[in-house]
Amino acid sequence: MNKKDIKSFTFDELKIEMEGIGEKSFRAKQIYEWLHVKLVDSFEEMTNLSKGLRERMEAVYRIPSVSMLERQISKIDGTNKFLFQLEDGHVVESVLMRYKHGNSVCISSQVGCRMGCKFCASTIGGLERNLLPSEMLGEIYQIQKISGERVSNIVIMGTGEPLDNYDNFVRFIRLLTDENGLNISQRNVTVSTCGIVPNMKRLAEEKLQITLALSLHGSTQEKRKTLMPVANKYELSEVLEACDYYFEKTGRRITFEYSLVHGVNDRDEDANELIGILKPRNCHLNLIPVNPIKERNFEKPSRKSAENFKNKLEKSGINVTIRREMGSDIDGACGQLRRRYVETK
Ligand code: SAH
């Protein structure tokens, strides 16, 4: 029999499950607390349940494991990069960043990715599989346990396209922000998408207060197409409409992400076109000097040239930041730690 993943059930679903195996529904509260507050990894650790019940649960349910294989700690800024192994042997990476306002964790949403963005290391081997809600939670829970520090902000910006794993992703958000669990504030969660239009609209309808970040990277449909294959499927105008719809439905200001690639999308003309897109919108722009990966020969602009680009946008009244580079002395860019591991296998 295929055992059910107990950690991906919502609190209400868990109550029904417990009734289903002839237990009182208050058991659900105890078990949910073990899984999502005390963060245990096995039924054995649930010491206020009788041995008999634990054995019965073991026969029906499983807790998908997420275990640490490697941890790198930056000497520059204390950023931690983790490589986790899943039950079937696949590996994913996650990052803990320490900011003045609290700890932020960046998680992966898939093993690999099928979106094919040209500058991104995560997509090189294609998509292996989707992560379960419990596995996405597992990345965060393990980091909290290993570091012994409370995590307050979550960004879904690691390997994978979260909106290509829509149902698991939304369930993960509900579990993560449930008051009976870790109870992370929805406003402290940001999800980044390459722009899967129908699912951006669906997400707008979910009544969540999370921030949506759109990976823009090109200021016209044509330019976007050269960097992001997903643009062959959805026109820039449609993607922007979906952003507007998200803002309209949720009241949450959109973040646009723009990876600056030297000589490709960092010219004056690009800045002017970007201003045209962003000026009419209530939004924030995050510039990411591209993190070069060995598989491609993209270069990042000089610090000065990135500053000039930023200043030009700022002068037009656009809210813009250059993303601070974290952990540049450890396998920095998205997906590089996992790639190194996969390549040496
Ligand atoms: N699939 C999601 C999350 C990707 S990672 C998305 O496409 O938004 C988060 C951001 O980092 C995205 O904007 C992505 O395009 C960008 N990114 C990926 N690799 C990068 C690199 N080597 N240098 C700079 N930005 C990169």
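# Close-up views: figure legends

**View 1. C243 is buried, with a relative accessible area of 1%, where buried means under 20% relative accessible area, exposed over 50% and partly exposed in between (1.4 Å probe, protein chains only).** The structure is a predicted model, in which local features need pLDDT of at least 70 and side-chain atom pairs count only at pLDDT 80 or more, whereas totals for chains, interfaces and linings use all residues. Residues are numbered from 1 along each chain as its sequence is written, and side-chain values use heavy atoms, with hydrogens and water left out. With a disulfide defined as a pair of cysteine sulfur atoms within 2.5 Å, the count comes to zero. C243 is in no disulfide, and the nearest cysteine sulfur, that of C283, is 9.0 Å away. For C113, the closest cysteine sulfur belongs to C120 and is 6.5 Å from its own, which is too far for a bond; C113 also counts as buried, at 8% relative accessibility.

**View 2. The ligand is surrounded by 16 residues, each having a heavy atom within 4 Å of it.** The closest of these residues are S192, S215, H217, S259 and N291. An N or O atom in the side chain of S215 is 2.6 Å from an oxygen atom of the ligand, while a nitrogen atom of the ligand is 2.9 Å from an N or O atom in the side chain of S259. N291 takes part through its backbone, from which an N or O atom lies 2.9 Å from a ligand nitrogen. The protein covers 95% of the 530 Å² of accessible area that the ligand has on its own, as computed by the Shrake-Rupley method with a 1.4 Å probe. Strand 10 (189-193) and strand 12 (254-260) each supply at least two residues of the shell; helices (H or I, at least four residues) and strands (E, at least two) are DSSP runs, numbered from the N terminus.

**View 3. H217 has a phi near 60 degrees, a positive value in a residue other than glycine.** Most residues other than glycine have a negative phi. H217 is found in the loop between strand 11 (211-215) and helix 7 (221-227), and it is buried, with a relative accessible area of 4%. N183 likewise has a positive phi near 60 degrees and lies in the loop between helix 5 (166-176) and strand 10, but N183 counts as partly exposed, at 40% relative accessibility.

**View 4. S134, in helix 4 (residues 133-147), makes a side-chain polar contact with the side chain of D5 at 2.7 Å.** A polar contact is a pair of N or O atoms within 3.5 Å; within protein, one must be able to donate a hydrogen and the other to accept it, and residues adjacent in sequence count only if both atoms are side-chain atoms. S134 counts as buried, at 0% relative accessibility.

**View 5. N272 and K312 are 40 residues apart in sequence, yet their C-alpha atoms are 8.3 Å apart in space.** N272 has its place in helix 9 (residues 268-278) and is partly exposed, with a relative accessible area of 42%. For the setting of these views, the protein has 11 helices and 14 strands, 55% of its 345 residues count as buried, and its C-alpha trace spans about 70 × 45 × 35 Å along its principal axes.
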